[in-house]
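This briefing goes through the fold of each chain, the contact between the chains, and some local backbone features. Please look over the sequence and the coordinates before reading on.

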Amino acid sequence: MFEHMESASEAALVSRSARGDEQAFGVLVERYKGMLYSMATRLMKDRGRAEDAAQESLIKAWAALPAFKGESKFSSWLYRICYNTCISELRRKRPEVELDEAMGVPVAGPVQEFRNRDIQATIQEEVSRLPDDYRAALTLYHFNGLSYEEIAKLTHRPMGTVKAHIHRARAVLKTRLVERVGWDNLKEVMWQ
Amino acid sequence: MNCEEVRRSVQDYVTRELEPENRRLFDAHLVECAECQRELALVTAVVSTLDHQPVLEPSPGFRGKVLAALPRQRSLVLSPWWSLALAPLLAGLVWLFRVPLERGLAGLLGQFGGSRLAVPVISLQGAGIVAAAVVVLGLLVTTGGAVFCWQTYLRD
């Protein structure tokens, strides 16, 4: 029975979960836990709080499932619940970091023997230093694969603002990468 | 396209959002400009890293914790439409207890100086109407309450 459930279609699992089937909901939890936890970790920058937020999002989803009409994709609906949970948690716990403040953090000097994975680690680290709005837009676009329009709807911001946030965030990351690693080291890795 | 225009378009070029004509102009400029090639390499590294962020896994037992924390009441709460099934039952009860109900109503009217008013006799049809009215009212209240709760819960 359980094995059969694991291979069930998402629509069937959602429908069964909406009728109170915890086993079906457990399969959905298994499928989405990584995405929700990753998203929450990137938005909140704290693994412990991220796990709580992911858990809370799933409990909210369970409670709201009977009202889910399938007008959007189940994943988008779930991401929206998770985003709202993380944002209200962030607003409750600490004030938002301003861009100028985030940009003012001193950076480490060039590092020798840089490798490709180090570029990735540096970028990940710098993403966590971005202001909340920028980090959220980047995460939703690149990690969750949402369109500008979907992000604008979700974050209640104009589409132009969302696009500008993403562009400025990438520009900040690019500048930081050169500052921290140095162009000569980067060149070696990128063209090796 | 000059260097400044290329710098402005480089992100859209990497994410394939640049229109074909501008893409062609971008490529033409790139062939002869080392600085813009460097800019493109940097933006490509950033976008590629962002596109391939690893999926992180929560602690073992996450699924069990979520399932254990689910509110159990939901499976016990029936849809408000089930209350319609209560209408015949309620009508039956009103009909069965019509005599004490009529007496009670007469006493109530007498207390408030309404002795001149005739106490209505509860017929089978009357009992049905009373029961249906109670059920419809209950249905409206429970449906409204449920919608309000879901919306409030989701908004937060």
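Where is the place of His156(A)? His156(A) is in the loop between α9 (148-155) and α10 of chain A. The model is a predicted one, and the points below are grouped by topic.

**Fold of chain A**

- Chain A holds eleven helices and zero strands, and its pattern along the sequence is α-α-α-α-α-α-α-α-α-α-α.
- Chain A has 192 residues, and 36% of them count as buried.
- Of the contacts in chain A with a separation of 6 or more, 66% are between residues 24 or more positions apart.

**Helix α3 of chain A**

- α3(A) contains 23 residues, yet its end C-alpha atoms are only 28 Å apart. A straight helix at 1.5 Å a residue would reach 33 Å.
- α3(A) also has a kink of about 50 degrees, and this kink is centred on Tyr32(A).

**Fold of chain B**

- Chain B is made up of eight helices and zero strands, in the order α-α-α-α-α-α-α-α from the N terminus on.
- Chain B has 156 residues, of which 11% count as buried.
- When contacts in chain B are taken between residues at least 6 apart in sequence, 65% of them join residues at least 24 apart.

**Packing of α1 and α2 in chain B**

- Helix α1 (residues 3-14) and helix α2 (residues 20-32) of chain B pack at an angle of about 115 degrees. Their axes are 11 Å apart, and the crossing of α1(B) and α2(B) is left-handed.
- From α1(B), the contact is made by Val6(B), Ser9(B) and Tyr13(B). From α2(B), Asn22(B), Arg23(B), Phe26(B) and His29(B) take part.
- By class, the contact of α1(B) with α2(B) has three nonpolar, three polar and one charged residues.

**Contact between the chains**

- Chain A brings 35 residues to the contact with chain B, and chain B brings 30 residues.
- On the side of chain A that touches chain B, at least two residues each come from α3 (22-44), α4 (47-64), α7 (116-127), α8 (132-143) and α10 (159-181) of chain A.
- α3(A) gives the most to this side, with ten residues.
- By class, the side of chain A that touches chain B has 18 nonpolar, ten polar and seven charged residues.

**Positive phi in loops**

- Most residues other than glycine have a negative phi.
- His156(A) has a phi near 55 degrees, a positive value in a residue other than glycine.
- His156(A) counts as exposed because 6 other C-beta atoms lie within 10 Å, and the cut-off for an exposed residue is 12 or fewer.
- Arg16(B) is not a glycine either, and its phi is positive, at about 60 degrees. Arg16(B) is in the loop between α1 and α2 of chain B, the two helices that pack at about 115 degrees.
- Is Arg16(B) buried or exposed? Arg16(B) has 7 C-beta neighbours inside 10 Å, so Arg16(B) counts as exposed.

Note on methods. Residues are numbered from 1 along each chain as its sequence is written. Chains are lettered from A and ligands numbered from 1 in the order in which they are written. This is a predicted model: local features need pLDDT of at least 70, side-chain atom pairs count only at pLDDT 80 or more; totals for chains, interfaces and linings use all residues. Two residues are in contact if their C-beta atoms, placed from the backbone, lie within 7 Å. Helices (H or I, at least four residues) and strands (E, at least two) are DSSP runs, numbered from the N terminus. Ala, Val, Leu, Ile, Met, Phe, Trp, Tyr, Cys and Pro count as nonpolar, Asp, Glu, Lys and Arg as charged, and the others, Gly among them, as polar. Axes are lines fitted to C-alpha atoms, for helices over the stretch in contact, and angles run from 0 to 180 degrees between N-to-C directions. A crossing is left-handed if the near helix is turned anticlockwise from the far one by less than a right angle, and right-handed if clockwise. A residue is buried if 20 or more other C-beta atoms lie within 10 Å of its own, exposed if 12 or fewer, and partly exposed in between; C-beta atoms are placed from the backbone. The expected span of a helix is 1.5 Å times one less than its number of residues. The bend at a residue is the angle between axes fitted to the seven residues ending there and the seven starting there.
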